[in-house]
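I opened the model to look up its sheet and its nonpolar cores. My notes follow in the order I took them.

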Amino acid sequence: MTTPQPARHRAPDDPAGAEPMVRTENVHKAFGHVKVLRGIDVTVPRGNVCVVLGPSGSGKSTFLRCINHLEKIDAGRIWVDGRLVGYQQKGDKLHELHDKAVAAQRREIGMVFQRFNLFPHMCALENVIEAPTMVKGQNKADARRRGMELLDRVGLADKALNYPSQLSGGQQQRVAIARALAMDPKLMLFDEPTSALDPELVGDVLDAMKDLARSGMTMVVVTHEIGFAREVGDQLIFMDGGVVVESGPPRQVLTTPQHPRTRDFLSKVL
Amino acid sequence: MTAPDTSASPVPREAEPIKAIPVRHPGRWVAIAVIAVLAAMFVHLLVTNKAFNWPFMFQNMFTPPVIRGLVGTVTITVLAMIIGVVLGIVVAVARLSDNPILRGTSWAYTWFFRAVPRYVLLIVMGNLGILWPRLEIGVPFDTYLGKLFGLENAHWRLFGIETRELLVGFWVGVLGLALSEAAYMAEIVRAGMLSVDPGQDEAATALGMSRGQALRRVVLPQAMRVIIPPTGNETIAMLKDTSLLIAVPVTAELFFQLSAIGNRTFQVFPMLVAAIIWYLVLVSILLVGQYFLEKRFSRGYGRAAKAKMKLEGLAAEHGANPEVP
């Protein structure tokens with residue numbers, strides 16, 4: 001982990017890769033009176049898989065949604081690939097970014113949801129090519145070819161013309177992964193991707209995610225899958241009550257947790 | 001069920017079908033008798049009462065003015081619904097936007113046009129000529145602005161027409177009905193958009209789609225399923241409400257033409273019956289269309305589709321396990 005420093009933009013002489021993919025500094029978020037995030041500092045280097053663990057209500061999903069500005073943060077800073085998310089620093093003033101600029105930032109951040117959120121009125125392939133054609137203006141034939149490649153990669157090339165209602169939960173989630181990858185993101189966010197699945201369908205989705213991790217994708221994964229964290233995680237963050245209680249290499253945190261709350265949580269889920 | 005499954009279960013046995021005497025329903029026979037008498041009285045009335053004057057009605061319900069009125073009624077219905085739906089979508093989107101000014105304006109729009117009865121609204125529209133004898137396009141508040149710069153009677157206008165020319169029956173009718181319809185359609189569209197899982201909009205947003213793209217490509221197509229059935233009802237109501245255009249008045253309209261013939265010939269009642277028959281025919285056609293539209297838009301979704309799949313599943317089971325051995 002690098003030490004936080006007040007970098008605004010990636011300096012021209014800064015070699016690509018030195019800047020972490022995600023860096024957050026003292027992130028706060030409240031819904032009404034409920035303070036969900038109370039100062040989150042996280043750094044995810046390029047190509048790393050960061051697994052976020054924690055009891056429900058600990059703020060981990062909210063934190064993930066702040067990274068692509070689905071939630072507006074109340075205080076602190078988030079940088080993705082060296083660029084401030086949702087804002088622009090001009091001198092000593094912070095300017096809100098226009099919707100269009102925020103959308104452009106989101107294009108580079110793929111997200112996979114707990115409830116898949118596939119578009120039910122489109123078949124699997126249409127789901128995958130929708131954003132590349134509509135948002136990036138990609139040529140339909142190219143988008144289709146690439147879409148089929150991605151569906152093949154998640155093992156669903158034969159389901160390309162099926163509608164989401166005709167697919168199992170695990171298949172839907174893999175289509176959702178292909179849909180996010182179709183935008184060629186630099187970063188992938190996973191919000192409890194296997195929590196809504198029947199146990200026997202979890203494996204296929206985790207395999208697709210492991211494959212993605214091995215390809216060098218930077219990933220932030222909120223999950224309860226301890227096995228996944230141990231196997232592919234480069235760092236593990238344990239959140240509780242809106243703060244990071246403990247973080248470090250997954251094996252170390254999982255086998256020798258330092259904090260009593262981490263120990264308590266792990267004793268319940270393991 | 002497939003053969004290997006049933007082979008594992010116990011062998012089905014023969015059984016004597018139940019032969020029981022069904023429960024008697026004397027009440028039904030009484031009801032049939034009462035309704036038969038009432039129906040006979042009604043038919044007797046239709047046949048014997050001279051006021052119906054059937055030959056006159058049949059002679060006059062297909063005359064060219066009536067057919068022109070019929071075409072006008074259908075045209076006005078279609079135009080008013082198209083404008084109403086488009087404007088309704090705009091108002092609904094404004095109502096759900098982040099912009100408080102748009103939200104307030106669209107709320108005021110629906111409030112006003114839902115509160116004013118259509119009949120009253122149409123009479124007001126027909127009399128707008130009292131307010132502005134001439135409608136002109138130009139700089140707003142030009143006379144006041146002129147005074148500021150020391151000019152008396154400044155008229156900075158591009159062009160204008162007499163209100164009476166613009167607000168001739170047909171377009172006043174279409175506009176009045178469309179404005180009123182838009183208020184109701186806005187509520188229907190809003191309900192449809194709210195029925196779409198917020199996760200859908202979120203997924204579209206996370207993919208980098210703009211608000212407009214998410215709305216057009218993701219939210220509205222799914223909202224259609226909820227919007228279509230009540231829109232069918234609105235169309236049917238609109239067809240019937242074209243008869244209110246007699247308040248403007250609009251001459252190219254079915255009810256106007258039929259009552260005109262009735263008033264001219266003093267055969268009022270036959271022409272009213274002719275109106276009922278025409279509206280029954282038109283609405284019946286729309287009901288058929290509505291049935292197919294709803295069927296089309298529920299494809300692959302919801303309870304109806306699931307029920308259908310379940311029925312097909314049941315049928316397949318029956319096919320594999322015939323009841324008669």
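This is a predicted model: local features need pLDDT of at least 70, side-chain atom pairs count only at pLDDT 80 or more; totals for chains, interfaces and linings use all residues.

In chain A I found an open sheet of six strands with mixed pairing, in the order 8-9-10-3-11-12. I noted strand 8 (109–112) and strand 12 (243–248) of chain A as the edge strands, since each pairs on one side only. From one strand to the next, I read an average twist of 15°.

I then looked at one pair of strands. Strand 3 (residues 49–53) and strand 11 (residues 235–240) of chain A run parallel and are joined by four bridges. Opposite C50(A) I found Q235(A), in strand 11 of chain A.

Next I checked which helices lie on the sheet. Helix 5 (residues 169–181) of chain A packs on it, touching strand 8 and strand 9 (187–191), and its direction makes about 170° with that of strand 8 of chain A. Helix 6 of chain A lies across strand 3, strand 9 and strand 10 (218–222), and I logged about 150° between helix 6 and strand 10.

I turned to the cores. The largest nonpolar core has 49 residues. I177(A), M188(A), F190(A), M209(A) and M219(A) have the most contacts inside it. Helix 6 (residues 199–214) of chain A gives the largest share of this core, seven residues. I also listed a second, separate core of 39 residues, which includes C50(A), V52(A), V220(A) and M239(A).

Last, I asked which residues F190(A) touches, not counting those up to four places away in sequence. My list for F190(A) reads L64(A), V112(A), I177(A), M209(A), L212(A), M219(A), V220(A), V221(A) and V222(A).

Note on methods
Residues are numbered from 1 along each chain as its sequence is written. Chains are lettered from A and ligands numbered from 1 in the order in which they are written. Side-chain values use heavy atoms; hydrogens and water are left out. A nonpolar core is a set of buried Ala, Val, Leu, Ile, Met, Phe, Trp, Tyr and Cys residues joined through side-chain atoms within 4.5 Å. Buried means under 20% relative accessible area, exposed over 50%, partly exposed in between (1.4 Å probe, protein chains only). Helices (H or I, at least four residues) and strands (E, at least two) are DSSP runs, numbered from the N terminus. Contact means heavy atoms within 4.5 Å. Two strands pair if DSSP finds at least two bridges between them. Axes are lines fitted to C-alpha atoms, for helices over the stretch in contact, and angles run from 0 to 180 degrees between N-to-C directions.
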